[in-house]
Amino acid sequence: MKLTYHGHSTFSLVTSDGARIVIDPWFDENPRADVKSTSFSKLDFIFCTHGHGDHFADALSLTKRTGATLVSSHEIAQFAALKGIQTAHGMSIGGGFAFPFGRVKMTPALHGGMVDGDESGRFTTIAAGFLFSLPDCRLYHAGDTALITDMQLLEGQVDVALLPIGDNYTMGPEDAARAVDFIRPKVVVPIHYNTFDMIQQDPEAFREMVGSRARVEALEPGETLAYP
Ligand code: NI
Ligand code: MN
């Protein structure tokens, strides 16, 4: 699979059998993004870890324009239906589903649940992460989260872990390095940092904290990681 970073927590992914996926689409107002949402004309799936704008802002428009299936929490899928997207796939934490490209499980995260654009407050949800079991890579996007002991349950199930290191809104580098201890992935990509003043971090310092426990790939927006 090929994974391209677009800054903050946003990724696009092409699986070995050609499925085109975007995770946490925040392109147009993302100060670190290398592309705008309009650069994607066709997508198969869009995964959203939670409803905060910096993960969800372009989700509805991108879903409508590209014909993708939006996958998120049950509540966000209900909100999408209200906004004219009848095909969203709702999940809940602990549940997995066999998509055509591989199985995806929704994993716990400890974080806020507001849904951006929901004036009613009816669709407040819980934040999550995703574990993608692709034929050639097991990929974990942690979403926005504190360090949680539930991450210990992922040990042995993850090849590439996308972990927030920004601090303030999510775990910082020290806790993210502890998450590496819990999960034991082969590769770690730090995310959710250097987008705003409040989440400035040095990925080299994080690399030193992780040491020999995993390979840290600090991707710049626009860079692609191929795995294996
Ligand atoms: Ni958030
Ligand atoms: Mn966030």
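1. A word on terms before the metal site: donors are N, O and S atoms within 2.8 Å of the metal (3.2 Å for Na, K and Ca), and since water is not among the atoms, sites may look incomplete. This is a predicted model, in which local features need pLDDT of at least 70 and side-chain atom pairs count only at pLDDT 80 or more, while totals for chains, interfaces and linings use all residues. Residues are numbered from 1 along each chain as its sequence is written, chains are lettered from A and ligands numbered from 1 in the order in which they are written, and side-chain values use heavy atoms, leaving out hydrogens and water.

2. Which residues hold the nickel ion (ligand 1)? Its protein donors are His50 (NE2), His52 (ND1), His111 (NE2) and Asp144 (OD), at 2.2 to 2.3 Å. Along the chain, they are spaced as H-x1-H-x58-H-x32-D.

3. The angles among the four donor atoms run from 88 to 175 degrees, and the site is irregular. For reference, four donors are tetrahedral if all angles lie between 85 and 135 degrees; four are square planar and six octahedral if opposite donors are over 155 degrees apart and all others between 65 and 115; anything else is irregular.

4. The manganese ion (ligand 2) sits 3.1 Å from the nickel ion (ligand 1), and aspartate 144 coordinates both. Histidine 50 lies in the loop between strand E4 (45-47) and helix H1 (53-56), and aspartate 144 in the loop between strands E10 (137-141) and E11 (160-164), so the pair ties together parts 94 residues apart in sequence. Helices (H or I, at least four residues) and strands (E, at least two) are DSSP runs, numbered from the N terminus.

5. Are these two residues buried or exposed? Histidine 50 is buried at 0% relative accessible area, and aspartate 144 is buried at 2%. Buried means under 20%, exposed over 50%, and partly exposed in between (1.4 Å probe, protein chains only).

6. Leaving aside residues up to four places away in sequence, threonine 145 touches several residues, among them His111, Met151 and Pro164 (contact means heavy atoms within 4.5 Å).

7. Finally, the strands. E2 (residues 11-14) and E3 (residues 20-23) pair antiparallel over four bridges (pairing requires at least two DSSP bridges), with phenylalanine 11 partnered by isoleucine 23. Five residues separate E2 and E3 in this hairpin, and glycine 18 in the turn has a positive phi of about 90 degrees. E3 and E4 run parallel, joined by three bridges.
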